[in-house]
Amino acid sequence: MTHSQTVPDAGTSRIVELMEPPTRVVLAVIDLVEGVRKSWLWTTLAQQDVKLRYRGSILGPFWQTLTTAVMIGGMGFIYSKLFHTDLHDYLPMLSVGLIFWMFIAGMVTEGCGTFIAVQGIIQQVKLPFSLHAYRLVYRNLLTLAHNFVIIPIVLWLFPHSIVWTRLIELVPGLVLITIIGVWVSVLLGMISARFRDVPPIVASIVQVVFFVTPVMWPVQALGTNAWWAQLNPFFAAIDVLRGPLLGQPTARYSWAILVIMTVFGCAVSFAFFARFRSRIAFWV
Amino acid sequence: MRCFVRVLCKIPLAHRFLGLASLSFLRLRNVCVDFPIYQGSSRSLKKALLATSTHGNLARDALDRINVRALSDVSIDILNGDRVGLIGLNGAGKTTLLKVLAGVYEPSQGRFVSSGSVSSLLDTQVGLNPDATGRENIILRGMYMGIHPHEMRMRADEVAAFTELGHYIDMPVRTYSAGMMIRLAFSISTCIPPDILIMDEWLTAGDAQFLDKAQRRVEEFVRGSSILVLASHSTQLVEQWCNRGILLHQGRVVTMGPIKEVVAAYQRIIGGAILEAAVQIAAAGLGC
């Protein structure tokens, strides 16, 4: 853009030709990159979200930890009796499974509100849309970190043969799930902003999925039918994190399912994001 | 790839680097903004799916989706040192245009290019947490403007002083009156002189003494080659603050130019509107 000509009168100027705006795909990529570059903003906002939720309470965010601990304790005793299994085996499986389930389910249900929840900001300030998704996922990671405190305690109370080298598997597992969390919150956030009956639909689906996913019960309990539960992507996500912590082998398809989910989901979500990004401000 | 780089690089920053005067501008060419209005069933996914599967091409009608053209064919150049007043009746498209200028809405058609840091005061509430104190909110709102909390903390006292809220600055914001909210929002948004300041008409709700102070501050940085865009229906305020005007009517630019002329044209429209209404009332009266 040159600026050589004299400042034209606002009323008469049609002199400067504006360059072609970048394509939708380029704009979407810029949005995602700018979002990452503003990491200081979404990390601070997410920390604040967690703090504000428990403002004025003594324990602060550790209320979350306490709630989860009580739930795991209660459910552990009842269900170990119900399923006639040893508490020593059952409680570690339940606590690890439930904590990761809460993380994954939290991202899916909150993902419906990625854009709706911050409509006031979208309507007033220009910020990369991806920033809201990053904030949401980071907030859920923080909650996971608070809940995670329970896991070492449970594993200390009910010792298991942990293969320490396998704990490295947690890293790629968490990275993949975090990436999936980003695309899920972008995609569900957009669909929910456009169609307002999606959030309640998703909420009830997640509730049903909780009971059909081997979180509270061991997948082996299905016997020869275990394969269909193993194809459940929610199970795959929990399995790659639970396996290494409990020293159990990871199910056959889990990693493959997770990688496919990441790649395929990112592609679909990006296509939607590139196509409808500019409409989000009108939808919310 | 080339256009990628061009968009990513910050033009005014480069100029400051080279010691050139910063140049900020807002340019629009044939900009249209269409608002999809979603009402009732068009918000429902179920209805949308049923509509596409059963009616095919008629889906759009079945969705009862209406597009309202909020801005049509707007071409404007706003350059260094311009203080532009946007005037028009309610629903003329003032706020929509401000949102396009602030980068919140992307035009449905046409081109829009801007250069310079933008600070938009469209709403007093943005980023404010009602339970936090005024001082805490200075940091919060600053973050949404892209200012790092460290930097904002250093400026907090300066901002607090400008608001003249006294000890209220350490009270929760929910106890504030509308006028106090305006003081706080304006002080935060202008604590770092932006290249482009975009303000909606709520500012007019501030008291006279604060308005004077705000005007002095805005004048100060507009002199430093910045841009002000202010929407208002108060012709008096616009004449005081602005040197050029844009008159919008039903989403179109009617006139642009020196503020006096534009205000005169606006008054003709108001006159026309009153006359039109009078004619309608008279016609309705005759109809009875």
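View 1. Among contacts in chain A between residues at least 6 apart in sequence, 75% join residues at least 24 apart; here a contact means that the C-beta atoms, placed from the backbone, lie within 7 Å. Do keep in mind that this is a predicted model, in which local features need pLDDT of at least 70 and side-chain atom pairs count only at pLDDT 80 or more, while totals for chains, interfaces and linings use all residues. Residues are numbered from 1 along each chain as its sequence is written, and chains are lettered from A and ligands numbered from 1 in the order in which they are written. Chain A has 13 helices and 0 strands, where helices (H or I, at least four residues) and strands (E, at least two) are DSSP runs numbered from the N terminus. Its C-alpha trace spans about 85 × 45 × 40 Å along the principal axes. Of the 284 residues in chain A, 35% are buried. Buried residues have 20 or more other C-beta atoms within 10 Å of their own, exposed ones 12 or fewer, and partly exposed ones fall in between, with C-beta atoms placed from the backbone.

**View 2. Helices α2 and α6 of chain A crossing each other.** Helix α2(A), residues 39-53, packs against α6(A) at an angle of about 50°, and their axes are 8 Å apart. Axes are lines fitted to C-alpha atoms, for helices over the stretch in contact, and angles run from 0 to 180 degrees between N-to-C directions. The angle makes α2(A) oblique to α6(A), since under 35 degrees counts as roughly parallel, over 145 as roughly antiparallel, 65 to 115 as roughly perpendicular and the rest as oblique. Look for Trp42(A) and Leu45(A) among the α2(A) residues that meet α6(A), whose own contributors include Tyr134(A) and Leu142(A).

**View 3. Lys126 of chain A, beside residues of chain B.** You will find Lys126(A) in the loop between α5 (119-124) and α6 (130-148) of chain A. Lys126(A) counts as partly exposed because it has 16 C-beta neighbours inside 10 Å. Not counting residues up to four places away in sequence, Lys126(A) touches Ala102(B), Gly103(B) and Val104(B). Met75(A) is 51 residues from Lys126(A) in sequence and 46 Å away in space, C-alpha to C-alpha.

**View 4. The open sheet of chain B.** Its 6 strands come in the order β5-β6-β7-β3-β8-β9, with mixed pairing; two strands pair if DSSP finds at least two bridges between them. β5 (118-121) and β9 (252-258) of chain B are the edge strands, each pairing on one side only. From one strand to the next, the twist averages 15°. Helix α5 of chain B, residues 94-102, lies across β3, β5, β6, β7 and β8, running at about 155° to β7(B).

**View 5. Strand β3 of chain B and its partners.** β3(B) is largely enclosed by the rest of the structure, because 5 of its 5 residues are buried. Arg83(B), Gly85(B) and Ile87(B) point one way, while Val84(B) and Leu86(B) point the other. With β7(B), β3(B) pairs in the parallel sense over 4 bridges, and Val84(B) stands opposite Val229(B) there. With β8(B), the pairing of β3(B) is also parallel over 4 bridges, and Ile87(B) faces Leu247(B) as its opposite residue. Further along, β6 (residues 196-199) and β7 (residues 227-231) of chain B pair in the parallel sense over 4 bridges, with Leu230(B) as the bridge partner of Met199(B).

Definitions and conventions. Two residues are in contact if their C-beta atoms, placed from the backbone, lie within 7 Å.
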